[in-house]
Amino acid sequence: MTRKTHLFVASALASAVAFGAQAQDNSVTVVLSEELEIVEPCSSTKSNVGRVLFQNISETVTEMDPKTGLEPRLAESWEDMGNGTWRFSLRQGVTFSDGTVMDAEDVAHSLVRMKSPDIACEIGAKFFGGIDITSNIIDAHTIDVTADPAQPILPMLMSTVTVTPQDAPLDSFVDHPIGTGPYTFDEYVRGQSITLSANPTYWGEQPTVQSATYVFRSDSAVRAAMVAAGEADIAPNIALQDAVNPAMDFSYPNSETVFLRIEHAQAPLNDRRVREALNLAVDREAFVGTILADGTLLATGITPPSTIGYDADLKPYAYDPDRARALLEEARADGVPVDTNITLIGRTNNFANVLETMEALLAMYQEIGFTMTLEMVEVAEWLERYAKPFPENRGPQLIEAQHDNANGDPVFSMYFKYHSEGQQSGLTDPKVDAMIAEATAATGDERAAKWSALFGYLHEESIADVMLFHMVGFSRVNERLDFAPSIRTNSELQLSQIKFK
Amino acid sequence: MLNFLGKRAVASAISLVGLVLLVFFLSRLTGDPTGLYLPLDASEEARNQFREIHGLNDPLIVQFFSYMADLIRFDFGDSIRRSEPAIDVVMRGFAWTLQLTFVTMSLVVVFAVIFGSLAAFNVGGVFDRIATFFSLIGASAPDFWIAIVAIVIFSVKLGWFPTSGTGTVWHWVMPVSVLFIRPFGLILQIVRGAMITALGSAYVKTARAKGIKNRPIIFVHALRNALLPVITVIGDQAAALLNGAVVIESIFGFPGVGKLMIDSILQRDFTVVMAAIMVTAMAIFVMNLLIDILYSILDPRIRY
């Protein structure tokens, strides 16, 4: 062999060794479906950002656990001081990964920052829209937080607030997040990978996983193949058709609910009988295990069974085409324009097999006698039709939507979806507005009961929407890990919860 | 030649300005990006703040002149999605695309020219039939399917190559191989056709009569004359790759400009769309210029 050939072989062998030795014993590789556009803690409710930063780098004031409820995190306790003010006692001995001590100033700054008009923080816009938040520092580890209007669930809302150091800029996103979490943010090679490593000064127990690398692949089959080939350890969110290995693939309720939003103002959808017919015309069970995954649940409300106030006694509308036809005829006889063309709008790539689902729904509706056409649109166009202000001259529309609520409380959903002023609400019903206000203000068992009453009213009396399915997600996990994805995997992935077998 | 280069540069600049105008207004016609970046539940106040931050509240014509004023200073604006300069985002992706295009097209040209020439030398022979068969398959096979099958076989089953990503020489094998197939099939057919014509010409017969061996006849005399149409097709194929091999970039996790452009269009990240199109257009202008120069080198009758 020539010298050049020797060099080539040597470099190829070195590359092979590097490629083969990517998985060390105490490190994991996570393959995400898209690259993170930003690494900003105040936007970590975005699912892919959350899977990297949320509770790994940046911790929240409180923590919502769907199984056990609200838990302490950076705050050890909290109490209601009245008039919309809650007092949070912060954990002592917590430091940021840059060595500075975390105190009430940092929490106050984080609250200001998430509402800063100079940056569009997802958390501020999503959970604190229309709410004024002020804080009063009592001492280094005690802070009063006041919401106007008062928020009885303020401690729960604080489970979304990621705490950043007080020198985090108010007018720009950070590109190297500093947090108090069990991991430090090491490097982001744009377009390729992000690496985290265990934070040696973490206040809590040291995690088993000592480092993590996140890579990005948009194709589900490739993500699944990477875990199968041992190149990655976890692939959250793979497609149904790629989840074919029972030893590695997990299915779990992913907190997403699919439904058809009805705008009640438009005839013939303003007639209750027509809305009931729309519900009775759908053979929901036929979808499960065919177009949609086994384990998909039939929905009666917009939030998953893990939310408080979920009414397990409500029954999904059974498939009853004869009754649906009779209701339509009855409405027609009363002068309701039931032959008006209804546009069924689906969002492309909203979930696996969305097109097949929408085509099946269209066929079921046409079978009953509805005059209906299907339009599949991209997300931007879909948003223009789904959120207010609605387009003029739109005619009657049924809009397919998928709603995520992994936070455990319907308050994160109901105002926006059903209040007369709600950004995506198809309803104008003073009774619903009042029920939402009452449930939002209530606490404890009363709160759960009031949400239950609202779910019942929307499902059986108003027949607000066509509720369809609580969806199932799939993740592939390398067999060397002791980790089971859950409903939380939809929006976060706490590395400290991962163990090795 | 200098006169020609000057004229081409002016024409390219005019085309580029036209492109900027067209893309700026067409991309804005797709609508307001606010809804894509804020949560569905965001208040109108938050939406207005977002529009204000990104200058979307200004009339379109004001936005255009503001953009052009910045562009003159080579400021392409910041990416809405990534909060960093759009040109940095694009150049990072373009560097990968350029490498992928260069490696792939170099291999394609070498192999297509050799195999196409040999196939043309013995038309209807075993080699010609095999080359034609495989090149037709290559030119018509769907690359996304080949890519997925290659990953299953060579990564998951055999463990020979990494499934995707970048970092080692092995990471390049499958993406380059899959990208190679289609232009190789196409260019091989073009080379074969052009070489059949060239090998049947009078000057080749004369060369044979003079006792010149086959290898110089094929690769020196005939090939040079057959290369003009081949170069045109090579240019087309390279331009297509420079625009981004979207499918391959997506499947193999190559952070190139093609996928970036598609994502940016879907996300209405206008500054990145503009920067990506301008950078790609300039690269294609430069490549076309090089092809024109190559024409004149290969065929002395062509003078500018």
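Helices (H or I, at least four residues) and strands (E, at least two) are DSSP runs, numbered from the N terminus. This is a predicted model, in which local features need pLDDT of at least 70, side-chain atom pairs count only at pLDDT 80 or more, and totals for chains, interfaces and linings use all residues. Residues are numbered from 1 along each chain as its sequence is written, while chains are lettered from A and ligands numbered from 1 in the order in which they are written.

**Stop 1: chain A, whole**

Select chain A. It holds 13 helices and 19 strands. Its radius of gyration is 25 Å, close to the 23 Å that the globule rule gives for 501 residues, so chain A is as compact as a globular protein of that length. Here the radius is taken over C-alpha atoms, and the rule is 2.2 Å times the number of residues to the power 0.38.

Colour by burial next. A residue is buried if 20 or more other C-beta atoms lie within 10 Å of its own, exposed if 12 or fewer, and partly exposed in between, with C-beta atoms placed from the backbone. In chain A, 50% of the 501 residues count as buried.

Now contacts. Two residues are in contact if their C-beta atoms, placed from the backbone, lie within 7 Å. Take the contacts in chain A between residues at least 6 apart in sequence: 69% of them join residues at least 24 apart.

**Stop 2: the domains of chain A**

Domain bounds come from an automatic or database domain assignment. For chain A, select 12-33 + 182-248 + 478-500 as domain 1, 62-160 as domain 2 and 253-472 as domain 3. The centres of domain 1 and domain 3 of chain A, taken over C-alpha atoms, are 36 Å apart. Where they meet, six residues of domain 1 of chain A are in contact with eight of domain 3 of chain A. On the domain 1 side, three are nonpolar, two polar and one charged. Ala, Val, Leu, Ile, Met, Phe, Trp, Tyr, Cys and Pro count as nonpolar, Asp, Glu, Lys and Arg as charged, and the others, Gly among them, as polar.

**Stop 3: helix α9 of chain A**

Select residues 354-368 of chain A. This is helix α9, with 15 residues. From first C-alpha to last it reaches 21 Å, close to the 21 Å expected at 1.5 Å a residue. The expected span is 1.5 Å times one less than the number of residues.

Which residues of α9(A) are buried? Show Thr357(A), Met358(A), Leu361(A), Met364(A) and Tyr365(A). They cover an arc of only 125 degrees around the axis, which puts them on the same side of α9(A). The arc is that of the directions from the helix axis to the C-beta atoms. An α-helix has 3.6 residues a turn, so residues three or four places apart point the same way.

Then step just past the helix: Gly369(A) takes a positive phi of about 120 degrees.

**Stop 4: where chain A meets chain B**

Show both chains. Here 41 residues of chain A are in contact with 40 residues of chain B. On the chain A side, α1 (3-20), α4 (122-127), β10 (211-216), α6 (220-228) and α10 (379-386) each supply at least two residues. The largest share, six residues, comes from α1(A). By class, this side of chain A has 22 nonpolar, nine polar and 10 charged residues.

**Stop 5: chain B, whole**

Chain B has 13 helices and zero strands. Its C-alpha trace spans about 85 × 60 × 30 Å along the principal axes. Buried residues make up 39% of its 304 residues.

**Stop 6: the domains of chain B**

Select 2-72 of chain B for domain 1 and 89-298 for domain 2. Their centres, over C-alpha atoms, are separated by 33 Å. The contact takes 13 residues from domain 1 of chain B and 10 residues from domain 2 of chain B. On the domain 1 side, helix α1 (residues 2-29) of chain B gives the largest share, nine residues.

**Stop 7: helix α7 of chain B**

Finish at residues 143-157 of chain B, helix α7. Show its buried residues: Ile146(B), Ala147(B), Ala150(B), Ile151(B) and Ser155(B). Bring chain A back, as these buried residues pack against α6 of chain A together with α8 (170-199) and α11 (246-252) of chain B. Just after α7(B), Gly159(B) takes a positive phi of about 70 degrees.
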